[in-house]
Amino acid sequence: MPRYIRLHEQVKVPVVKNMIYAVKLIWQADKKLMLGYLMSAIAGKVFGLFIQNILFLKVLLSVIDGSRGFIQYVKYLVAFAVCSGLTKACQWYGEYTQKYAAKRVLKNLNNKVFGKAASLDVSCYEDPDFYDKYQRATLVLQYGYFDVLISSLCGMLGSAISFICVITTVTVIDPAYLIFLLPVLFVFAIEIAKSKLVYKRDLEMTKNNRVKAYIQRTVFLKDFSKDMRTSNIFYVLMRRFDLAIRSNISILRRYGVKLFLYSMISSTFSEFIPIIGTYAYAGYRFINGSDMTISGFSVVLSSINSVRSATLEIADGFESINEMALYFQNLRDFFDYEPKVVSGPLDVPYFESLEFKNVSFRYSSAKVNSLNNVNMKITKGQTVAVVGINGAGKSTLVKLLLRFYDPTEGVILYNGVDIREYSVSQLRDKFATVFQDYRNFAISVFENVICKNCTDEEKVIARQALIQSGVWDKISTFADGGDTVLTREFDENGAGLSGGENQKVSTARLFASEFDIAVLDEPSSALDPIAEYKMYENLIAATADKTVMYISHRLSSAVLSDNIFVLDRGTVIESGSHAELMAAGGEYCRMFTLQSSSYREEGEDDA
């Protein structure tokens, strides 16, 4: 029967299986880490707890009470010196090996975690439970728990070998001593229970720690610095930070008494009973004139200290192994997660048509649908606009189109075939997408545009794309031009851009890419009307004979479109050309009229 640790009523964690899983994972990353720890731990523990404290002591006392000659003692002394030198050499080499192997294991596991994170469904990042599990999984790397696990396992093995050697020696002297040493076996069960409690405590603290980490990160981010200095939001965050700390203190107090009791019981079985019992029995035998010699008496007393040390080290190792195995459960769950959005077997052909057919969608945490029975069709070469107020479901359409999610109901057809039948990576390659929540990275401007290390030829392409997006005039003023790193976070010569300039850099990716369909989700949200107009002119030129889908609540792009779909609360309420919808006098006409009057008022104010 496998032994499990229960975290709460409906969760079981197989500790032994997780430990084996962790060891295999680390062994595959770099086997030298475990070999280094084994060499260092076994040599050090066996020498220190058995050879030095027991064997050499026994030889020394044998010479004193006359049972061995001095020449024989010198031979043992030389053997002891050689053994000591070999032990130190093994420990030094093992520690040297550990130091470099640990870095290689960390690099290997980090790469594996990063690769897995890149393959996760987008929905995972919007699921608090999964995010908590992901955070706990990264603790294995962040705090070097893999190193702690292997160190504890090897240390425990070394102590166990020493324990067996010492117990065998004591048994030869008098088997009765085993009675006083048996209680140490209960220590392991106690430490297992204690490790369960520690993990449950840390599990309860996860949410609070996530709140603390968010606030600690936010306070230092440039994006939030202005708001914090012009409002009371800093004090709101600090109140949340304080509440998280106080909650953690409450949790620590609640578990503290139980953990203290476990420690007291563990000390009773590992120290009080073995030491007092053995000392009393050995003293009784020696005083009452039994056959026990001075050397035997001293060895027994020294053996008890060695047994005590070995027992405590094994118990501590047991506790660490159990706790680390529990944390590795989160890493195992993370690696074992199978994406719900699964790639299909078909290659994606050249684009001819795209159709949403009775598509409805609801986010897992939502109570109502974000999209309801959406029907729309786009054919090759068309320019289509999807418009509506914020929250109408426009961006959700893009997420479904790129298969970040799959529809709750209905199908999306690419050339008449359900997009779930196609290769996900090939499908996404067909689209050039500018997202509403655009992001640029702390790499060079050219790399942000091309999205990889750039050759000289690709830099020319990136430069042209930046010209088309309207931001090259700004980039060209930097000392390193397009090779300038965005932000100064990692490069003191880096440069910062305004919100509109950052959006233009993000938009330049579209101009630099090969695509069948361009999807622009609020592509001008950070731009002023003049910059917006110039960008749309360039987009029209760059997407000639291409299929384009504009997603926007600003209707300047809709006028340029062949067909317009108006979304309201996830439902298509109108569709047609600009002229047709204006003539119909519906919601689109009302929105366009309101926005047109706003632009006119801005123009009059500027004049």
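Strands β11 and β12 (residues 571–576) run antiparallel and are joined by 5 bridges; here two strands count as paired if DSSP finds at least two bridges between them. Strands (E, at least two residues) and helices (H or I, at least four) are DSSP runs, numbered from the N terminus. Within this pair, L567 has V572 of β12 as its bridge partner. The hairpin that β11 and β12 form has 2 residues between the strands, and R569 takes a positive phi near 55 degrees in it. This is a predicted model, in which local features need pLDDT of at least 70 and side-chain atom pairs count only at pLDDT 80 or more, while totals for chains, interfaces and linings use all residues. Residues are numbered from 1 along each chain as its sequence is written, and side-chain values use heavy atoms, with hydrogens and water left out.

How many of the 6 residues of β11 are buried? The count is 5 of the 6, so β11 is largely enclosed by the rest of the structure. Buried means under 20% relative accessible area, exposed means over 50%, and partly exposed lies in between (1.4 Å probe, protein chains only). On a further side of the story, β11 (residues 563–568) also pairs with β5, in the parallel sense and over 4 bridges.

Strand β5 itself (residues 383–387) has 5 of its 5 residues buried, so the strand is largely enclosed by the rest of the structure. In a regular strand the side chains alternate between the two faces of the sheet. Both faces of β5 are covered, with T383, A385 and V387 buried on one side and V384 and V386 buried on the other. Strand β5 also runs parallel to β10 (residues 547–552), and 5 bridges join the two. In that pairing, V387 stands opposite S552 of β10.

Another sheet is open and has 4 strands, in the order β4-β3-β6-β7, with antiparallel pairing. Its edges are β4 (371–379) and β7 (417–418), each with a single partner strand, so one side of each is left without a neighbour in the sheet. Strand β3 (residues 353–361) and β4 run antiparallel and are joined by 6 bridges, and S353 has T379 of β4 as its bridge partner. Helix α11 (residues 394–401) packs on this sheet, touching β3, β4 and β6 (409–414), and its direction makes about 115 degrees with that of β3. For such angles, axes are lines fitted to C-alpha atoms, for helices over the stretch in contact, and the angles run from 0 to 180 degrees between N-to-C directions. Contact, or touching, means heavy atoms within 4.5 Å.

Attention now turns to the nonpolar cores. A nonpolar core is a set of buried Ala, Val, Leu, Ile, Met, Phe, Trp, Tyr and Cys residues joined through side-chain atoms within 4.5 Å. The largest has 69 residues, of which I26, L33, F146, I150, F328, L331 and F334 touch the most other members. Several helices each supply at least two residues of this core, among them α1 (15–29), α2 (32–64), α5 (145–173) and α9 (233–287). Helix α10 gives the largest share, 16 residues. Leaving aside neighbours within four places in sequence, L33 is in contact with I26, Q98, A101, A102, V105, F146, D147 and I150. A second, separate core has 37 residues, including F478, L486, V566 and L581.

W27 is found in helix α1 and is partly exposed, with a relative accessible area of 35%. Not counting residues up to four places away in sequence, W27 touches M34 and L35. W27 and I150 are 123 residues apart in sequence and 9.9 Å apart in space, C-alpha to C-alpha. N248, in helix α9, counts as buried at 5% relative accessibility. The side chain of N248 makes a polar contact with the side chain of N209 (3.0 Å). A polar contact is a pair of N or O atoms within 3.5 Å; within protein, one must be able to donate a hydrogen and the other to accept it, and residues adjacent in sequence count only if both atoms are side-chain atoms.

Overall, the protein has 19 helices and 12 strands, and 46% of its 607 residues count as buried.
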